[in-house]
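Dear colleague,

I am passing on the structure we talked about, together with notes on what was found in it. Please look through it with the notes beside you.

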Amino acid sequence: MKKLTPFVFMVAFMLAGCLQQLQKKAEAEGHMPVDGLIISLLPPESFGKQIALTQSAIIIYENNTHELLLVTELSGQSMVVVGLLPTGTRVFTITFDGENLHMDGYAQAVEKLPAAYLLLDIQLSLWPYPVLQKHYQIADASKRFELLEHEGKRMRVLMTDKNPSIQIQYSGQPGYKSDIQYKHLQRKYEIELKTLDYQELGE
C-alpha cells in the first residue's frame with residue numbers, strides 16, 4: 001500500500017491544502033469554507049435521478065499524474081462515492097445522506113483527503129445547472145460567486161469576484177453521461193473524467 005502515499009498527499013494538497021482542525025466538524029456535516037464563503041453540499045435527492053456512474057479519472061497537479069476509478073451512486077437520499085486504483089484496490093468510500101458525511105478506507109486517505117471538497121467537485125460537475133445556480137445564489141448573499149453556462153451547455157464556469165476559478169467542459173449532453181474536463185484555475189489542478197458505465201436505478 002506504500003504506492004498509495006504519493007497519490008493521497010497529492011490529492012489532499014490540491015483539494016484543500018492543510019485543513020485546520022476547526023474546519024473538520026463543519027466538513028463532516030457537508031459544509032466547506034470556499035474563499036471565505038461557507039458552501040453546503042446539495043442533498044443527494046436534488047440531483048433528480050437515481051443513477052450509478054463509473055468513471056476513469058486522470059488527476060493532474062504540478063506535473064504529477066495519477067489515475068483513479070470513481071464509482072458514484074445516487075439513490076434516494078444517499079450519495080456514495082468509491083475511489084479505486086486501476087488495479088481495483090479500494091482507496092476510499094464516501095457516503096453522504098444530506099446531513100452527515102462519512103469516509104472510510106485506506107487509513108491515510110481517510111486522514112488526509114478532504115472528502116467534502118471532493119464531493120463538491122463532483123456535484124459541480126454532475127448536478128443540473130439550474131439546481132446549482134439557485135444553490136449558489138442562496139449561499140452567496142455577497143454576490144461574490146456566479147455560476148455561468150456557455151457553448152450550448154457544454155461549459156460551466158464558476159466565477160469568484162468576477163474572475164474564473166473553476167472551468168468544466170463536457171463532450172456532450174447531458175453532462176453526467178459525457179466525458180468531463182474539470183479545471184480548478186486557482187488551485188492549478190485538472191481532472192479528466194471518462195464515463196465507463198452509466199445506469200439509471202429503479203425507484
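**Core, salt bridges, backbone and a pocket**

The largest nonpolar core has 45 residues, and Phe92, Leu119 and Leu124 are those with the most contacts inside it; a nonpolar core is here a set of buried Ala, Val, Leu, Ile, Met, Phe, Trp, Tyr and Cys residues joined through side-chain atoms within 4.5 Å. Buried stands for under 20% relative accessible area, exposed for over 50% and partly exposed for what lies in between, with a 1.4 Å probe and protein chains only. The largest share of this core, eight residues, is given by α4, where helices (H or I, at least four residues) and strands (E, at least two) are DSSP runs numbered from the N terminus.

Please keep in mind that this is a predicted model, in which local features need pLDDT of at least 70 and side-chain atom pairs count only at pLDDT 80 or more, while totals for chains, interfaces and linings use all residues. Residues are numbered from 1 along each chain as its sequence is written, and side-chain values use heavy atoms, with hydrogens and water left out.

Once neighbours within four places in sequence are set aside, Leu119 is in contact (heavy atoms within 4.5 Å) with Leu41, Met79, Val81, Ile94, Phe96 and Leu101.

- Glu200 and Lys49 meet at 3.8 Å, N to O; Glu200 lies in strand β12 (189-200) and Lys49 in the loop between β2 (37-40) and β3 (51-61), so the pair ties together parts that are 151 residues apart in sequence.
- Arg90 and Asp104 meet at 2.9 Å, N to O, and this pair links strand β6 (90-96) with strand β7 (101-105), the two residues being 14 apart. Arg90 is partly exposed at 39%, and Asp104 is partly exposed at 32%.
- Asp179 and Lys194 meet at 3.6 Å, N to O; Asp179 is in the loop between β10 (163-170) and β11 (180-184) and Lys194 in strand β12, so parts that are 15 residues apart in sequence are tied together.

Some backbone details deserve a look as well. A cis peptide bond, with omega of about -5°, joins Gln173 and Pro174, and Pro174 lies in the loop between β10 and β11. Lys162 has a positive phi of about 70° although it is not a glycine; Lys162 is in the loop between β9 (155-160) and β10 and is exposed, with a relative accessible area of 77%. Lys188, in the loop between β11 and β12, also has a positive phi, near 65°, and counts as exposed at 61%.

Lastly, the second largest pocket has a volume of about 190 Å³. Of its 14 lining residues, Pro128, Tyr129, Arg156, Gln173 and Gly175 are the closest to its centre, and the elements that give two or more residues to the lining are α4 (115-126) and α5 (129-139). A pocket is an open set of points on a 1 Å grid over the protein atoms alone, where a 1.4 Å probe fits and protein lies on both sides within 12 Å along at least five of seven lines; lining residues have an atom within 4 Å of a point. Grid points are joined across faces, edges and corners, and the volume is the space filled by probe spheres set on the points.

With best wishes

Note on methods. A salt bridge is a side-chain nitrogen of Lys or Arg within 4 Å of a carboxyl oxygen of Asp or Glu.
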